[in-house]
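Take a moment to look over the whole chain. Then follow the strands, a helix and the pockets in turn.

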Amino acid sequence: MATVELKGVSKRFGAVEVIHSVDLSIREGEFLVLVGPSGCGKSTLLRMISGLETISSGDLFIGGKRVNDVPARDRGISMVFQSYALYPHMTSAQNMSFALKLAGKSPDEQAERIKPAAGVLGLGDYLDRFPRELSGGQRQRVAMGRAIVREPEVFLFDEPLSNLDAKLRVRMRAELKELHQKLKTTTVYVTHDQIEAMTLADRIVVLRDGVIEQVGAPLELYDNPANRFVGSFLGSPAMNFFELSIPDGTPDRARFADGDSLQLPRELGGRSSVTVGVRPESLELVSEAGDGTISAEVAVIEPTGSETELFLRKGKDQIIASFRDRIDVRPGEIVHLEANPAKYHLFDTTTELAI
């Protein structure tokens, strides 16, 4: 295990800067997830840690040692890619031991390292099989086994589950988390899937356009987003946002264009507007309109079995509400929603920062 520290790390491709002076400390044994939309720079940042991409400016330390100019093979890291990158003419055991063979390890030492790794990954019965004889999940386990046998100080994962079907991804998430709990190796994991980020991470780093927007524990970011972007990115379905006016003389209320108003959790004196964020699961159906309710038209109903999601229209706003209970509504029907003001998230309409 080792710490990883980035100090003012930037990356430029010609005149274009894609990573902007990132400062980040990754603790020993931590499972840290880099998350963000496509093009935010998360894979580029991971590749700089691995040594597959040069650092334009700043310093990178692994285990307290500056490694900017250290080749990838000498950084004490192992990387698992989105593609399995297995040699088709080699068995699972041969794929897992190939790096050890190149490092000059004896066949006995290779076998000693493969056996426990195969046990941890449930590959004991598949070591003599070729990649074509394995399922997608088994191939991904072989790719992880190849990384484990090197006994690295740091694991790097670049969207390793994106090629798997939905059901297998759920199972592999649990296996990855269990694997980390057993090995306790410092891990940096890249994904665009916020569910993966929330379920796997000790801490999450949310990136946008090469800039870190917020770092923290999953529930910390979910409950206290630093800005509208973080609030919108974490959570499925996504947070609802309403850009509302604050009439003169009512600093504790925000009003929709159609006259509906919300009781704010605190007074916002000196402001004429506010963006109110509400999680879909925080909304509740009520039988009639009243003070603090939101009236909206049902557009689409999505029953998923365990939950029912409503997509509603209110003027130019779309609202998503999520319910555990079965509900009896129809498209085109006007329904009334409310939420506890303590569950509102308030953001500045100009800067989008949390208030």
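The paragraphs below go from a strand to a helix and then to the pockets.

This is a predicted model, in which local features need pLDDT of at least 70 and side-chain atom pairs count only at pLDDT 80 or more, while totals for chains, interfaces and linings use all residues. Residues are numbered from 1 along each chain as its sequence is written, and side-chain values use heavy atoms, with hydrogens and water left out.

Start with strand S9, residues 203-208. Strands (E, at least two residues) and helices (H or I, at least four) are DSSP runs, numbered from the N terminus. Five of the six residues of S9 are buried, so the strand is largely enclosed by the rest of the structure. Buried means under 20% relative accessible area, exposed over 50%, and partly exposed in between, with a 1.4 Å probe and protein chains only.

Which strands pair with S9? Strand S3 (residues 31-35) runs parallel to S9, joined by four bridges. Two strands pair if DSSP finds at least two bridges between them. Val33 has Ile204 of S9 as its bridge partner. Strand S10 (residues 211-216) is antiparallel to S9, with five bridges. Here Val206 stands opposite Gln214. Two residues lie between the strands of the S9 and S10 hairpin, where Asp209 takes a positive phi near 55°.

Now move to helix H2, residues 92-102, which holds Gln94. Gln94 counts as partly exposed because its relative accessibility is 40%. Its side chain reaches the backbone nitrogen of Thr91 at 2.9 Å. Gln94 and Asp260 are 66 Å apart, C-alpha to C-alpha, and 166 residues apart in sequence.

Next come the pockets. A pocket is an open set of points on a 1 Å grid over the protein atoms alone, with protein on both sides within 12 Å along at least five of seven lines; lining residues have an atom within 4 Å of a point. The largest pocket has a volume of about 640 Å³, the space filled by probe spheres set on the points. Its lining has 22 residues, and the closest to the centre are Ile77, Ser78, Ala99, Arg146 and Arg150. Strand S6 (77-80), H2 and helix H4 (136-148) each give two or more residues to that lining.

The second largest pocket holds about 220 Å³ of space. Its lining includes Tyr222, Pro237 and Arg324. Helix H6 (194-200) and strand S18 (317-323) each give two or more residues. H6 gives the largest share, three residues. Domain 1 (4-228) and domain 2 (237-347) each supply at least three lining residues; the domain bounds come from an automatic or database assignment.

Technical notes. Polar contact = N/O pair within 3.5 Å; in protein donor to acceptor, adjacent residues only side chain to side chain. 1 Å grid on protein atoms, 1.4 Å probe; cavity = no way out; pocket = protein on both sides within 12 Å on 5 of 7 lines; lining within 4 Å.
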